[in-house]
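This report covers a contact between two chains and one residue site. Please look over the model before reading on.

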Amino acid sequence: MFTPETRILVIDDMKVMRSLIKGQLRTLNYQNISEAENGEEAFKILEQNHSVNTPIQVVLSDWNMPVMSGLELLKKVREDARFKNLPFIMITAEGELEQVKSAAELGVSSYIRKPFAPNTFSEKLEQVYKKHCA
Amino acid sequence: MGFQVQKNERYLMIRTDFPIITDVEVKQLDIILKAHTEKLPVVAFDFTTIDQFSPKGLRQMTLCLSGLSQNDTQTGFIVSKGLANKIKEAGLDRIIKCYSAVEEMLPSNRASGGSDRATDFLNTTLEAVVFTMGVSASNKCAPGKVFLRTQNNGPAFDVAATVGLVSSDFQGSLILLMPMKTYLNIMGRMTGETYTEMVPDIRDGIAELLNVILGQAKMSLNERGFQIKQAIPTLIQGGMINLLNAPATRSIVVPFSSDCGDFYVQITTNAGNAAIAA
């Protein structure tokens with residue numbers, strides 16, 4: 001399982017959602033949480049952390065965001081050799097088949113639908129750990 | 001053993017007597033479906049004799065359904081309760097719709113006239129409100145009596161967000177309105193903090209709640225042909241609040257009582273397509 005030191009990046013254009021997600025991650029003992037408002041800002045954080053040898057280890061990203069959406073970020077991440085295996089969880093209010101399919105085709109690790117229950121992150125992170133890190 | 005195809009003007013039905021569906025059978029299904037090049041509004045898979053899908057078969061089947069949905073074809077499985085439960089347990093019930101009979105799938109049996117469509121829209125939206133509030137904020141809520149909004153009976157609110165509704169049936173707005181006290185209680189439950197006044201951390205929370213409500217409702221409504229497009233909600237602030245208080249369009253308001261206090265959902269339809277607020 002991921003440890004409390006695991007570096008997690010939370011991306012959402014709504015501040016309240018970032019607070020909510022960070023709050024739920026903290027109740028699971030995760031301490032190293034960074035945040036970004038959109039995909040573009042998130043990618044800069046991924047690059048910065050990678051350059052100083054403290055890479056982000058899990059991304060939790062909203063879908064609909066201005067500047068760069070979660071799906072655009074996922075595409076950019078998967079095209080970059082440094083991040084192509086990075087666990088990437090999409091969080092979205094969109095749940096239709098086409099959306100799920102397009103994220104799956106781009107290599108999303110897992111998918112959380114809003115609204116989500118408090119225990120959702122625990123389950124999804126465990127699932128993603130088994131898939132990418134076990 | 002094999003697949004039998006039955007077709008009429010309303011749907012294409014594919015039946016099988018296989019006891020289990022694996023990826024091999026799904027490939028056969030794919031060939032059968034590709035042979036039907038004309039537009040198929042409804043494709044029903046009668047899998048009542050089947051006890052289970054292999055995991056690979058189920059995965060292949062979701063891809064097969066995805067191909068059909070790109071052509072706006074409505075698909076569904078006619079299955080036993082046991083298999084419907086297995087599909088639900090696999091988390092695929094939002095992709096694979098299960099029915100007990102093909103008649104349940106047909107649009108004319110679900111929502112026929114404009115009035116039925118309006119009721120369907122309203123009920124689904126209200127269900128989405130109750131569900132979202134319950135899961136996001138552990139806030140149990142219930143809708144009260146719906147009323148037509150005039151200039152004199154608008155609900156008291158301090159915080160509001162709106163989102164455009166663009167669908168095959170109508171255009172309008174979905175608006176969520178709350179007194180400050182209710183809003184602070186809900187935000188407190190969502191984030192685990194205590195708020196006594198509006199602070200920047202929670203300023204956009206009502207727009208996010210509305211976004212989730214619409215996403216929830218949209219998914220269900222679009223399965224029934226509403227073709228609602230998702231838009232990004234905006235906060236209603238400053239002078240926009242006065243516009244809300246003097247509605248020029250037909251609007252209905254649904255008051256909700258909840259553990260966190262009262263709040264309101266307003267549905268406004270543009271002139272010329274006022275089925276919802278009629």
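Leaving aside its neighbours within four places in sequence, with which residues is Thr6(A) in contact? In this predicted model, Thr6(A) touches Tyr30(A), Asn32(A), Gln57(A) and Val58(A), with neighbours within four places in sequence left aside. Thr6(A) belongs to the segment that precedes strand S1 (8–11) of chain A. Because its relative accessibility is 3%, Thr6(A) counts as buried. A polar atom of the Thr6(A) side chain is 2.8 Å from the backbone oxygen of Thr3(A).

The rest concerns the interface. Chain A contributes 20 residues to the contact and chain B contributes 28 residues. Of the area that chain B buries against chain A, 21% is supplied by Asp201(B), Asp204(B) and Glu208(B), more than by any other three residues. Between them the two chains bury about 2,200 Å², with 60% of it on carbon and sulfur atoms.

Asp201(B) also takes part in a salt bridge with Lys15(A), where the closest N and O atoms are 3.1 Å apart. Residue pairs in polar contact between chain B and chain A number six, both residues being at pLDDT 80 or more.

| Helix of chain B | Residue range |
|---|---|
| H2 | 55–69 |
| H4 | 114–137 |
| H5 | 180–191 |
| H6 | 205–222 |

H6(B) provides the largest share of that side, 10 residues. By type, the residues on the side of chain B that touches chain A are 11 nonpolar, 12 polar and five charged.

Terms used
Residues numbered from 1 in each chain as written. Chains lettered and ligands numbered in written order. Predicted model: local features only at pLDDT ≥ 70, side-chain atom pairs only at ≥ 80, totals over all residues. Heavy atoms only, no water. Contact = heavy atoms within 4.5 Å. Buried area = accessible area lost by both parts, 1.4 Å probe. Salt bridge = Lys/Arg side-chain N within 4 Å of Asp/Glu carboxyl O. Polar contact = N/O pair within 3.5 Å; in protein donor to acceptor, adjacent residues only side chain to side chain. Helix = DSSP H or I, 4+ residues; strand = E, 2+ residues; numbered from the N terminus. Nonpolar A, V, L, I, M, F, W, Y, C, P; charged D, E, K, R; others polar. Buried < 20%, exposed > 50% of the residue type's maximum accessible area, 1.4 Å probe, protein only.
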